[in-house]
Structures are given as structure tokens and as C-alpha cells.
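User: I'd like to go through this one with you piece by piece. Can we start once it's on screen?

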Amino acid sequence: MTRAMFGRGIGSAAEPIPNTDMSAELASLSMPSPVLTASGCAASGRELDQFFDITKIGAIVTKSVMLRARSGRPTPRMCETPSGMLNSIGLQGPGIDEFIEVDLAWLEARGARTVVSIAGESVDEYGKLAQKLRTAGGVDAIEVNISCPNVADRNQVFACDPEMAANVIQTVRRQSDSQTPIFAKLSPDVTDIAEIARSVVRAGVDGLTVINTALGMVIDVETMRPALAGVTGGLSGPAIRPIALRCVWQIRQALPDIPILGVGGIRTGLDALQFILAGANAVSVGTMTFNDPSAPMRVHNELALALSERGFSSVSEAISYGHRGADIFEADGAGEIEPE
Amino acid sequence: MPVQVRGEVLDVRRAGGYYVLSITAPGIPEQYRPGHFVTVGIGGEESGLILRRAFAIHQVQSRGVYGGTLDVVVGVQGKGTRWLSERGRHDTLDIVGPLGKPFILPKEGVPCVLVGGGYGSAPLFMLAEQLRERGCRVDVVLGASTEEKLYGVLDIKRVSSMLTITTEDGSSGTKGRVTDVLPDIMERNNSAVVYACGPMGMLAAVAAIAAEYRAYSQCSVEESMACGIGICMTCVLPVIGDDGITRMVRSCVEGPIFRGDLVRWDEIGTIPADALGAPALDMS
């Protein structure tokens with residue numbers, strides 16, 4: 001397939017040639033595309049709207065917002081790594097009130113579907129964030145970023161403990177509008193990601209975002225000190241794609257019905273196809289948006305073509321197709337689905 | 001509004017220790033104002049170097065056989081800039097621009113001084129031209145560690161009222177730093193505005209001198225950035241707002257040009273305790 005690499009007016013913003021039905025569902029959220037942005041890689045959509053029409057992709061997943069304004073960590077916050085990057089931003093943001101007033105209002109007026117990512121330092125904070133969003137307009141879904149450290153509990157990361165992760169989800173579920181789907185964003189830095197997945201599903205989550213960054217580190221050999229002011233940081237980009245794909249596959253095997261938003265190093269339509277074949281219902285393009293600000297729209301178009309070339313007439317036909325023949329799907333009576 | 005375009009390399013030439021790339025970039029020269037920058041994708045579609053590199057726009061031509069073209073000055077610092085320096089005629093590049101906020105020009109023909117450190121002189125050429133058109137006196141100071149690291153001495157001489165060169169090793173001009181000669185120049189010409197582009201340390205020193213002489217300063221910062229368009233939050237620095245509150249602002253969209261007296265130079269690389277949203281406790 002050919003890659004239309006460039007933005008508006010050069011190719012990628014053109015409608016896809018194939019007739020593939022690109023509609024996608026994540027729990028009760030219906031979207032015209034299975035391609036979303038990723039939290040922390042799209043701000044609140046406004047900048048990317050200069051490069052492609054943000055209403056044409058699945059949804060904007062906004063940068064994780066906290067209860068109060070936050071300055072984030074000192075610089076250097078970023079370091080390029082082989083096929084990826086390491087970041088330690090420290091959740092810089094305006095706080096939930098300004099976010100609702102400015103960013104969410106803009107997204108709603110723009111007509112973009114919006115998944116609001118929230119991050120707290122305690123279970124209580126997550127609950128308060130959910131409460132604030134309950135009365136705000138324009139929230140199509142909530143993504144709970146449970147990969148931040150729990151300050152109360154010796155900086156333990158919520159997503160690394162099944163019980164703590166479940167506590168957060170229960171609280172958010174209780175404080176949210178029952179019609180708003182809630183996703184939990186999982187960390188790959190665990191021994192058994194399926195165990196965490198089962199725990200948050202039992203706690204009432206509607207879907208899973210798989211995965212957040214993997215914790216990494218770089219040492220600057222000139223200064224002979226850590227390259228990031230925050231010492232360690234989140235590794236993202238194509239370097240982590242195989243890890244993300246493995247996590248999606250394992251969770252799909254453990255939980256055949258849970259909606260999954262696959263994230264991790266997606267650069268092309270074929271990368272997105274891998275995630276869908278592994279069991280993702282939709283995908284997020286994250287770090288590669290820094291590389292190509294048109295990437296989410298381009299990946300959408302390339303995916304439409306890739307599906308069509310393989311005989312799929314819709315995204316939904318391809319979901320979990322990589323697992324065909326496996327017992328978990330035969331038990332549903334679905335058996336093997338052959339594309340046309 | 002920035003655009004993303006496929007540019008064609010028209011020419012790559014050596015200039016001292018730097019490379020100057022001329023690239024077609026339809027849509028960018030038409031919107032250009034001095035101080036704008038572009039980002040360039042590195043290594044092609046399968047590249048393992050995923051972060052775009054940012055360059056101040058050096059020159060633009062909005063008409064001609066190629067339509068709009070622009071020049072950038074590249075200093076080879078690592079794999080990405082090495083790759084760019086090795087491009088040849090007809091190679092294509094993924095270009096996004098124009099980005100950032102440009103220099104603010106005085107309404108009247110006041111005396112200005114332009115200070116460039118190393119290839120930080122690149123965005124000053126067209127600025128000098130535009131200032132001259134407004135009737136400003138334009139004094140230029142270029143400094144570098146050594147002669148090879150100076151950029152565009154002969155060309156900028158044509159658009160400057162007076163050019164002063166400094167090198168730390170004395171290989172060209174006055175031995176020393178730009179800040180050694182700047183006070184004299186400002187004093188003599190009664191400079192009202194100082195424009196500067198170069199390393200952070202130089203900018204901090206220039207901003208301090210400008211403040212001392214009660215001149216308005218416009219500094220173009222070079223913070224490492226991942227996206228250049230305002231979505232990654234990596235290129236932040238502490239800047240005092242109109243309301244007196246310090247915020248960690250993105251140098252790509254709120255800069256790269258900042259008023260020198262509003263940047264908290266000594267605290268770059270930290271979160272000042274009184275910055276908006278600063279941690280109440282040590283977060284580490």
C-alpha cells in the first residue's frame with residue numbers, strides 16, 4: 001500500500017478510496033472511525049485541528065487533567081530513544097475547572113467526540129474529578145489514568161495493584177453519570193496485566209485502554225547523569241508497539257467481551273490493523289502525532305485501505321480476527337468468521 | 001495557520017561549520033514573519049528517529065520558479081542533523097510551519113541592536129531588513145566560540161548599520177563574548193530594542209544588559225521540543241505573565257520569542273516555587 005504521508009491538501013485529508021465501513025464502538029460510544037488520539041499526545045485537540053478535521057476521527061482523548069492547576073516537572077522532560085521517546089512531563093495542566101470551562105467547551109462547540117482523561121493522587125481525587133465531569137457538557141467517555149502514583153500510599157502506582165486500581169474505578173463509577181462509559185488505562189509494568197484487567201472489570205469499568213507508557217531511563221554519557229530531570233520517564237513510540245500488542249492480545253484472551261482501546265507506537269494503518277486483529281475495538285495514535293501532526297487521520301485512511309485489501313468490509317469484522325480458531329471465541333458460538 | 005507540506009530540497013551548501021538547506025515549502029513563505037520556525041521530519045517514513053527537528057527560518061522567497069522557498073541553517077549536533085546535512089537536491093522533506101510567535105517590530109524607526117550567538121544569527125537577517133525598511137538603525141553583534149561557528153558575517157554586513165564580531169578564541173573580531181561589546185554599542189547608539197537569538201546563557205546575559213539600559217528585549221529561545229506545535233508539553237520554561245503570575249509556558253507556541261525581562265532565566269530547568277501549579281511539597 002502507498003502511504004500518503006502529508007497533511008491537508010497533499011493526500012491524507014482526502015476521503016479514503018475504499019468503501020470500508022469504518023464505524024466503531026467503544027462500549028456505548030459510537031464513532032465514525034476506530035482511530036482516536038492518545039492522552040497527552042493531542043493536548044485538547046485545538047492544535048491538531050489545524051492539520052486535519054478532528055471531527056472526522058473517532059475521538060480526541062484529552063491530556064490527563066487533575067483537580068488543581070499543576071506545573072509539571074522541571075526540564076529536561078524529554079529524550080529521544082531508538083524508535084521512541086522518554087518523557088517526564090509530570091501532568092502539567094490547568095486543573096479540572098479551567099479544563100471544563102475552556103478546553104471541553106471548545107471541543108463541544110467544535111463537534112468533536114471527547115474522551116476526558118482524569119488523573120488523581122488519591123482515590124478521593126478521582127471521585128471529585130468524576131463529580132465535576134458529571135455536570136459538564138461534552139463528555140463522551142472518561143478515561144481513568146490510573147498509572148500515576150498514589151501519594152497517600154508511598155507513591156505506589158494505582159495501575160500496578162489490582163485492589164487499588166479497582167478502588168479508583170469503583171469510586172469513579174459511583175460518582176459518574178451512569179450513561180458515561182468509563183475506561184481504565186492500564187500500565188504494562190505489571191507481572192500479569194490480565195489480572196489487573198479482570199479486577200477493574202469487576203469494579204465496573206466499561207472498557208480498557210491498553211497501554212500507558214513503559215517506565216524507562218536514559219543516562220546522558222556526557223554529563224553522566226540521568227537525561228531527564230525526573231530521572232525516570234515513560235517510554236512511548238514504535239519501540240513499545242510489540243509490548244502493547246501483546247498486552248491487548250492477553251487481555252482479549254482473558255476477557256473476550258470487554259471493549260479495548262489499543263495504544264502503543266501506532267504509526268501506520270498496518271500497525272493499527274495489528275491491534276484490531278489482536279482484539280482492540282479501536283486504537284489511539286499517540287507519540288507518532290509528534291512526528292506527523294496528521295497521523296491520526298492518515299492512519300484512519302491507511303487502515304481503511306488495509307482492511308479493504310484483506311477483504312474486510314468493516315472494522316468490526318476484523319476485531320480479534322488474529323485469534324480465530326481459539327477456544328474462547330468458539331465458546332461464544334461465533335466460530336471462525338471469514339472475511340468476504 | 002501552520003501547514004504540513006512536502007518540501008523539495010533545492011540546494012545544500014556549506015557555510016563555515018554549518019549547512020544551509022534551501023527547500024520548497026508552498027504555503028510557508030507567504031505567512032512568514034521574522035522569528036518564525038519550521039520543524040522537519042527526520043529519516044523518512046520508517047525512521048527510528050521519530051522526533052522532528054526545529055529550525056528558525058533564515059530566509060524566504062515567496063515567488064520564483066519554485067513558488068515559495070525557505071532556507072534553514074543546520075548545525076550538525078547528532079544523528080538527526082547529520083542526516084539533514086546529507087540531503088541532496090530533489091530529496092523530499094516533511095516540513096511543518098510557520099510555527100511560533102514572531103519578533104515584535106517597533107512602530108517607529110528607533111535604534112535597534114541584533115545579537116546572534118553561533119547560528120542563532122539565522123533569523124536575524126530578514127528581521128534586519130524589515131527593521132531597516134521601517135527606518136530603524138540596525139546594529140548587529142555576532143558572536144561564537146570560534147570563527148567557524150559564526151554564521152553569515154558577510155551577508156548580514158549588508159543589512160546592518162554596523163557589525164561587530166566577537167569570538168571567544170579571538171580568531172575573528174574582538175576576543176570575548178557578545179556581552180563584552182554590547183553595553184558600549186547600546187550606549188553609543190541609544191539602542192531602544194535588543195533582539196537576540198542564541199544559547200540560553202547568552203540570552204540571559206543579553207536580557208540583563210537590555211534591562212540595565214532600559215531597552216526592550218526580544219529573545220528567541222532554543223528549548224528542546226518533541227512536537228513544535230504545542231501538544232507535547234516538553235519545551236516549557238518559566239515566564240511571568242501580564243498578570244504577574246509565573247507559568248511554565250510552551251516555547252513552541254507561546255515563544256520562541258519572549259520578552260527578556262519576563263523570562264526567569266536563572267530558573268530555567270526548575271519549577272519556581274511561586275509558579276502556577278508548583279508542587280507544595282517535593283514531588284520526587
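User: Which residue is the bridge partner of B:I23 in strand 5 of chain B?
Analyst: Keeping in mind that this is a predicted model, the bridge partner of B:I23 in strand 5 of chain B is B:L70.

User: How many bridges are there between strand 2 and strand 5 of chain B, and in which sense do they pair, parallel or antiparallel?
Analyst: Strand 2 of chain B, residues 18-24, and strand 5 of chain B, residues 69-74, are joined by six bridges, and the pairing is antiparallel.

User: And what runs 1-2-5-4-3-6 in chain B?
Analyst: That order belongs to a closed barrel of six strands in chain B, in which the pairing is antiparallel, and from one strand to the next the twist averages 45°.

User: OK, switching to helices. Which residues of helix 2 of chain B are buried?
Analyst: In helix 2 of chain B, which spans residues 124-133, the buried residues are B:L124, B:F125, B:M126, B:L127, B:A128 and B:L131.

User: What covers them?
Analyst: The cover over the buried residues of helix 2 of chain B includes strand 4 (53-61), strand 7 (112-117), strand 8 (138-144) and strand 11 (193-197), together with helix 3 (153-159), which are elements of chain B as well.

User: Which residue with a positive phi follows that helix?
Analyst: Helix 2 of chain B is followed by B:G135, and the phi of B:G135 is positive, near 85°.

User: Over to chain A: at what angle do helix 6 and helix 8 cross?
Analyst: The axes of helix 6 (residues 269-278) and helix 8 (residues 295-309) of chain A cross at roughly 65° and come within 7 Å, which means that helix 6 of chain A is roughly perpendicular to helix 8 of chain A. The crossing of helix 6 and helix 8 of chain A is right-handed.

User: Which residues make that contact?
Analyst: Helix 6 of chain A contributes A:G269, A:L270, A:A272 and A:L273, while helix 8 of chain A contributes A:V299, A:E302, A:L303, A:L305, A:A306 and A:L307. By class, the residues of this contact of helix 6 with helix 8 of chain A are eight nonpolar, one polar and one charged.

User: Last topic, then. How many residues does each chain give to the contact between chain A and chain B?
Analyst: Chain A gives 41 residues and chain B gives 34 residues. On the side of chain A that touches chain B, strand 5 (78-81), strand 6 (84-87) and helix 7 (288-291) of chain A are the elements giving two or more residues, and the largest share, four residues, comes from helix 7 of chain A.

User: What's the class make-up of that side?
Analyst: The side of chain A that touches chain B has 19 nonpolar, 14 polar and eight charged residues.

Technical notes. Residues are numbered from 1 along each chain as its sequence is written. Chains are lettered from A and ligands numbered from 1 in the order in which they are written. This is a predicted model: local features need pLDDT of at least 70, side-chain atom pairs count only at pLDDT 80 or more; totals for chains, interfaces and linings use all residues. Two residues are in contact if their C-beta atoms, placed from the backbone, lie within 7 Å. Ala, Val, Leu, Ile, Met, Phe, Trp, Tyr, Cys and Pro count as nonpolar, Asp, Glu, Lys and Arg as charged, and the others, Gly among them, as polar. A residue is buried if 20 or more other C-beta atoms lie within 10 Å of its own, exposed if 12 or fewer, and partly exposed in between; C-beta atoms are placed from the backbone. Axes are lines fitted to C-alpha atoms, for helices over the stretch in contact, and angles run from 0 to 180 degrees between N-to-C directions. Angles under 35 degrees count as roughly parallel, over 145 as roughly antiparallel, 65 to 115 as roughly perpendicular and the rest as oblique. A crossing is left-handed if the near helix is turned anticlockwise from the far one by less than a right angle, and right-handed if clockwise. Two strands pair if DSSP finds at least two bridges between them.
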